[in-house]
Amino acid sequence: MLQDSHLHIQGIELPSVIERFLNDIKSDGLVRLFNCATQPIDWPVIRSLSDSYHEIIPFFGIHPWFVDLAEEAAFIQLEKYLGVPKALVGEIGLDKSRKNIDFERQKDVFIRQLILAKKFNKPFAVHCVRSWEPTLRLIKEHAAGVRFLIHSFNGPLEIVQEAAKMGGFFSLAVKEFTRSGTPLCRVFEQLPGDRILLETDFPYQVKATDPVNYVTALRAGYETAAACRKVSVETFIRMVYDNGTIFANTTVDRSRSV
């Protein structure tokens with residue numbers, strides 16, 4: 001029942017390698033992959049992959065690093081991709097660490113995609129770097145009531161409380177759990193259990209293109225995270241999988257309490 005809540009399979013690039021990679025990890029127990037786009041060129045690739053592999057949940061969107069590609073034609077295409085029944089929105093958001101990318105432009109593109117998420121009632125994946133206040137404010141203003149996950153979450157408990165009340169989920173990077181002396185466990189222990197997801201951000205944080213190494217890294221993250229929560233690995237895997245089912249389902253009650 002292993003699930004990876006944020007990765008970019010299209011980053012492998014070679015179709016033959018992608019096919020081999022996906023077939024191999026399926027045999028190793030991967031049953032759900034939240035595959036996120038970063039720019040329009042990713043969309044047809046992800047659509048094709050999700051059509052061929054039912055394990056892939058496709059996310060279509062424009063990452064804040066690529067807002068220069070957010071032309072009007074791209075938004076027209078994005079609406080079409082979001083018409084795919086199991087399609088979700090992402091990776092979208094705000095990033096103040098990139099000084100060469102206009103922050104006002106990032107906000108404009110983020111807002112337009114939040115409006116689409118609300119229009120299509122599609123959960124979305126959020127990239128947030130040094131931008132907690134505007135990110136949560138814009139979600140409240142333009143996509144209230146729509147589920148979202150915060151990708152590679154490493155924020156403070158105050159953010160956890162606010163985002164959870166808004167319907168937020170918290171996707172934590174397995175790489176952080178395998179670092180010696182990581183402070184992540186202190187916050188992780190206090191996350192609402194029904195809002196936790198786990199991710200690799202493959203092939204960027206977990207870089208292994210060998211399926212065996214990829215699955216080993218993912219399993220190691222689950223094992224360490226389970227130890228932080230003081231539950232069995234099997235219990236934790238089931239909990240995260242169930243959370244992913246609820247997050248990705250656009251028909252369930254969105255008023256679900258923490």
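At 12% relative accessibility, Cys 128 counts as buried. This is a predicted model, and here Cys 128 takes part in no disulfide, with the nearest cysteine sulfur, that of Cys 36, sitting 15 Å away. Cys 36 is buried too, at a relative accessible area of 0%.

Search the whole structure and you still come up with zero disulfides.

Eight of them make an open sheet in the order 1-2-3-4-5-6-7-8, with parallel pairing. Strand 1 (2-7) and strand 8 are the edges, each pairing on one side only. On average, neighbouring strands of this sheet are turned by 25° against each other, ignoring direction.

For a look at one pairing, take strand 6 (residues 148-150) and strand 7 (residues 168-173): they run parallel and are joined by three bridges. Ile 150 stands opposite Phe 170 of strand 7.

## Helices on the sheet

Which strands does helix 9 touch? Helix 9 packs on the sheet against strand 1, strand 2 and strand 8, and its direction makes about 105° with that of strand 1.

Helix 4 (residues 103-120) lies across strand 4 (88-95) and strand 5 (124-129). Relative to strand 4, helix 4 runs at about 155°.

## Aromatic pairs

How many aromatic pairs are there? The count comes to 13. Take Phe 21 and Phe 202: their ring centres are 4.8 Å apart and their planes are at 5°, so the pair is stacked; the cut-off for stacking is under 30 degrees. Phe 21 belongs to helix 1 (residues 15-27), while Phe 202 is in the loop between strand 8 (196-199) and helix 9 (211-229), so this pair ties together parts that are 181 residues apart in sequence. As for accessibility, Phe 21 counts as buried at 1%, and Phe 202 is buried at 0%.

Phe 34 and Phe 59 make another pair, with centres 5.5 Å apart and planes at 45°, so this one is tilted. Phe 34 lies in strand 2 (residues 30-36) and Phe 59 in strand 3 (residues 56-60), so the pair ties together parts 25 residues apart in sequence. Buried or exposed? Both Phe 34 and Phe 59 are buried. They also belong to a cluster, where ring pairs link Phe 34, Phe 59, Phe 169 and Phe 247.

## Charges over rings

Two charged side chains sit over phenylalanine rings. The charged end of Arg 112 is over the ring of Phe 75, 4.0 Å from its centre. Lys 96 has its charged end over the ring of Phe 103, at 5.1 Å from the centre.

## Around Asn 35

Asn 35 has its place in strand 2, and at 0% relative accessibility it counts as buried. What does Asn 35 contact, leaving aside its neighbours within four places in sequence? The list is Leu 7, His 8, Ile 9, Gln 10, Ile 46, Ile 56, Ile 57, Pro 58 and Phe 59.

Notes:
Residues are numbered from 1 along each chain as its sequence is written. This is a predicted model: local features need pLDDT of at least 70, side-chain atom pairs count only at pLDDT 80 or more; totals for chains, interfaces and linings use all residues. Side-chain values use heavy atoms; hydrogens and water are left out. Rings of Phe, Tyr and Trp (its six-membered ring) pair if their centres lie within 6.5 Å; planes under 30 degrees apart count as stacked, over 60 as edge-to-face and the rest as tilted. Helices (H or I, at least four residues) and strands (E, at least two) are DSSP runs, numbered from the N terminus. Buried means under 20% relative accessible area, exposed over 50%, partly exposed in between (1.4 Å probe, protein chains only). A charge sits over a ring if NZ of Lys or CZ of Arg is within 6 Å of the ring centre and within 35 degrees of the ring normal. Two strands pair if DSSP finds at least two bridges between them. Axes are lines fitted to C-alpha atoms, for helices over the stretch in contact, and angles run from 0 to 180 degrees between N-to-C directions. Contact means heavy atoms within 4.5 Å. A disulfide is a pair of cysteine sulfur atoms within 2.5 Å.
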